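Subject: Structure handover

Hello,

Here is the structure for you to look at. My notes come after it.

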Number of protein chains: 2
Amino acid sequence: MQTTHIPCSSHRTMNAVDPSATRMFLEAQEAADCVRTQLIRNHTMIHSLGAALRQLSPRAVVTCARGSSDHAATYARYLIETRLGLLTSSISPSISSVYGVQQKLQQCLFLAISQSGRSPDLLAAAAAAKHSGATVVALVNAEDSPLAHAADHVIPLHAGPETSVAATKSFIASLSAIAHLLGAWSTDQALLGALTQIPELLHRAWHLDWTPLIDVLNTSDNLLVIGRGVGLGIAQEAALKLKETCSLHAEAFSGAEVQHGPMALFNRAIPALILTQDDATRNGLEALANELSQSGVKVLITDHAGGGGVSLPALHSHAALTPILHAQSFYRVANAVAVARGLNPDQPPRLNKVTETL
Amino acid sequence: MQTTHIPCSSHRTMNAVDPSATRMFLEAQEAADCVRTQLIRNHTMIHSLGAALRQLSPRAVVTCARGSSDHAATYARYLIETRLGLLTSSISPSISSVYGVQQKLQQCLFLAISQSGRSPDLLAAAAAAKHSGATVVALVNAEDSPLAHAADHVIPLHAGPETSVAATKSFIASLSAIAHLLGAWSTDQALLGALTQIPELLHRAWHLDWTPLIDVLNTSDNLLVIGRGVGLGIAQEAALKLKETCSLHAEAFSGAEVQHGPMALFNRAIPALILTQDDATRNGLEALANELSQSGVKVLITDHAGGGGVSLPALHSHAALTPILHAQSFYRVANAVAVARGLNPDQPPRLNKVTETL
C-alpha cells in the first residue's frame, strides 16, 4: 500500500485535562441529536431506497470500509444475514486496489461506508464494483465527497463535522443509518418503530454508569472484548477505540472464536468485556461470563444481574438496536480512560483523522 | 453458544523441557512429509474436483471454519478472489446455528475446513448450506467424521494423527490442499508446478534461522503480526498460535488496517512481525516496515535485505505459496518461545484439542 499520512503527534502527557472538554467527549455526546436529525432527513430517501432494493433483489451484499466504518459494516452484515438471509461479505479492497483483479459482482449490492468518502482504496474498490455491474450504495458523512459522487445511491450520515481523530458520532450514525436501511428494505415495522426511540435512548445511554469498566482499564494494558451476532461489530469498535485513544491492547472476538485458542490468554490475568443483547446469543455469552468469572477472570458484562462478573447497566431496546446504545455508553468510558492514562484522545499517537491507504 | 469443553490444564511451569521433544515440535516437523503424501494421494481426485467446479461455476464461495482452520479459509479466500475473481465470504456459523436463519446459498460453493470434522456449529452450517442448494466441499483430516460424511466432496488432508492441542501440520496441510484445489480449478500450471516443490521447501523452511524473533518474543508480552493478501491468513495463524501456546497477546492485521487506529499501539513499544511474499503487496509492506522502524518500533520482517527492521530469512517460491513456508518457519519459533516462557505448548491453559462451539 502507499500511505500519504505522516505521524502527526507523539505521546503527550496531559496534566489536569478535563475529560468532559475533549472533542471526543463533546462529539460523542452529540450522537443522539445526529441520529434524530438523520432519521427525519433520510426518511423519504431510505424508504425509496428500500423499495428499490426489494426490486433489485441483489444476489449478495458486499461491504467495503476501513477502521471504525468496517465495524459498522460488521453490524450491517449481521442485520442483513439475520433479516434477509442474504450472503454478505466484507470485501478486501486490496483485491482491486493492489492486486488489480476485477471481481465478478454482477447483481450485487456494494455497500461502502466512510466518514470522509475519500480513502483511495474505497474509491478504487467502488469504481471496480460498479464497473463489474454492482449497485453502489454509499453511507457517507461528507456528502460532497468523491465516494458520494461515485455512488448510485447516497445515504448521508448527518453526523455533522467530526474533528476528533477518534470517530464516535459518525460511527453511531452509521449504525442507525444501517438499521434504518434494513428496516425499510425488509419492511420490518418493529425495527423501524424501535428505531424512533433510539435518539432518546442514546441520551440516556450516555449517562449510564460504566465506572467499573474505567476502574478495570485504568490498571490493565490488555483486554478482550467479546460480542456475538449483531453485537460483534460494536465489540470490534470498542477494541479499536481503546487501541487508538488509550494505547491499550484490546482485541475483539466472537463468543465462539474466543474459545479456540484465545482462551489461553486469560492465563495472564487479562480482563474481559462482554457485550450482550436480547437475542439467541445472550445465553451463550452469559454462560461464557460465568465460566470465565468462576475461573478467576475479571469479567464485565452488560446487563447480567445475578450472574458471574460485574454487570454494567444497559437499556432495553430492540435486540438489533441495543448494540448502538452500548457503543454510546462505551465511548464515554474510552474517553475517560485515555485522559486518566495521560493521553489526549483527540490526538492519538501516530494517527491523523483521515488515513489514506491503498 | 453451548460448550462441552472443560478447562483441562492450568498454567504449568516446566523445567528443563527439551523444545525439540514436544508433540508440537514433532508434529510440525512432519508437515513436509504430510504435504508430499497429500499431493500424491489427492492428485486424481483434486483434478476431477477442479473440473467439476469449472462445470458448476458457482456464483460465490462461502468458507466455514473455526480457529486455525479459519485462517486457512482466509488463505483460500485470497487465492480464490485473486485467481478466479469470485466473491468469497467467511460465513458466521451463528447465523444458522444460533439465529436459526436459512441463508440463500443456491449455486454457492460451501468450503468447510476442519481438522476433526466434528464441531457442531460447522455441521449445522454445512447442513443448512446443503439444504439451501450449496455444493459442500470439506477439507478434513479425519476422513471418517460427520463433516466428511455430510459433504458432497471430501478433500482429505492426509496430515495423520495430530495430538498436540496446537494445530500445526494440519494447518499447513490445509494450505497445501487449498493451493492444490485452486491450481486444479483454475488450471494454473505455474501454481501446480510450484506446489510440487513445496514438500522439499518445507523441509528447508523448518531449518531457517528465525532466532531474532525468539529473542524479541522472549521479552515482550504483546506483538502485532502484519500480512497482506495471500499472506494475511498466515499472520492470523501466527497471532493465534502465540496466544494459545505462549499466552502472548499477538494480534494480526492487514498492512492497511493496521494504519487505522492500531498504529497508536506502537506507542507502547510493542514489536511488529511482518510477513511478506513476492507479489503486489510487497512494496507497501516494506514501506510500512521502514516507516515503523524509523519511528523506533522493533520490526522483524521476512526477506527484506537492506531495509528497516530485522530481516528474517525466507525461501523463494510462487508468491501464493510462500506464506505456507512462513508458517513452517514460524511454528518452530512459537514452540521454542512457549518452552522458554515456562509453558508446555502441548497443554495450553484452558484448552482442549477439540473445542465444540455453537
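This is a predicted model: local features need pLDDT of at least 70, side-chain atom pairs count only at pLDDT 80 or more; totals for chains, interfaces and linings use all residues.

Residues are numbered from 1 along each chain as its sequence is written, chains are lettered from A and ligands numbered from 1 in the order in which they are written, and side-chain values use heavy atoms, with hydrogens and water left out.

Interface

Salt bridges

A salt bridge is a side-chain nitrogen of Lys or Arg within 4 Å of a carboxyl oxygen of Asp or Glu. By that rule there are 28 salt bridges over all chains, and 4 salt bridges are found across the interface of chain A and chain B. B:E251 pairs with A:K243, with 3.1 Å between the closest N and O atoms. Another salt bridge joins A:D121 to A:R66 at 2.8 Å, N to O. This pair links distant parts of the chain, 55 residues apart: A:D121 lies in helix α5 (residues 120-131) of chain A, and A:R66 in the loop between β1 (60-64) and α3 (67-84) of chain A.

Helix pairs

Helices (H or I, at least four residues) and strands (E, at least two) are DSSP runs, numbered from the N terminus. Axes are lines fitted to C-alpha atoms, for helices over the stretch in contact, and angles run from 0 to 180 degrees between N-to-C directions. Angles under 35 degrees count as roughly parallel, over 145 as roughly antiparallel, 65 to 115 as roughly perpendicular and the rest as oblique.

In chain B, the axes of α3 (residues 68-84) and α7 (residues 169-185) come within 9 Å and cross at roughly 20 degrees, so α3(B) and α7(B) are roughly parallel. Residues in this contact include B:Y75 and B:L79 of α3(B), and B:F171 and B:W185 of α7(B). They divide into 12 nonpolar, 3 polar and 1 charged. In this count Ala, Val, Leu, Ile, Met, Phe, Trp, Tyr, Cys and Pro are nonpolar, Asp, Glu, Lys and Arg are charged, and the others, Gly among them, are polar.

Also in chain B, the axes of α2 (residues 31-56) and α9 (residues 198-206) come within 8 Å and cross at roughly 175 degrees. α2(B) and α9(B) are therefore roughly antiparallel. Among the residues in contact are B:R36 of α2(B) and B:E200 of α9(B); the division is 7 nonpolar, 1 polar and 3 charged.

In chain A, α9 (residues 198-206) and α13 (residues 322-340) have axes that come within 8 Å and cross at roughly 30 degrees, so α9(A) and α13(A) are roughly parallel.

Regards

Methods:
Contact means heavy atoms within 4.5 Å.
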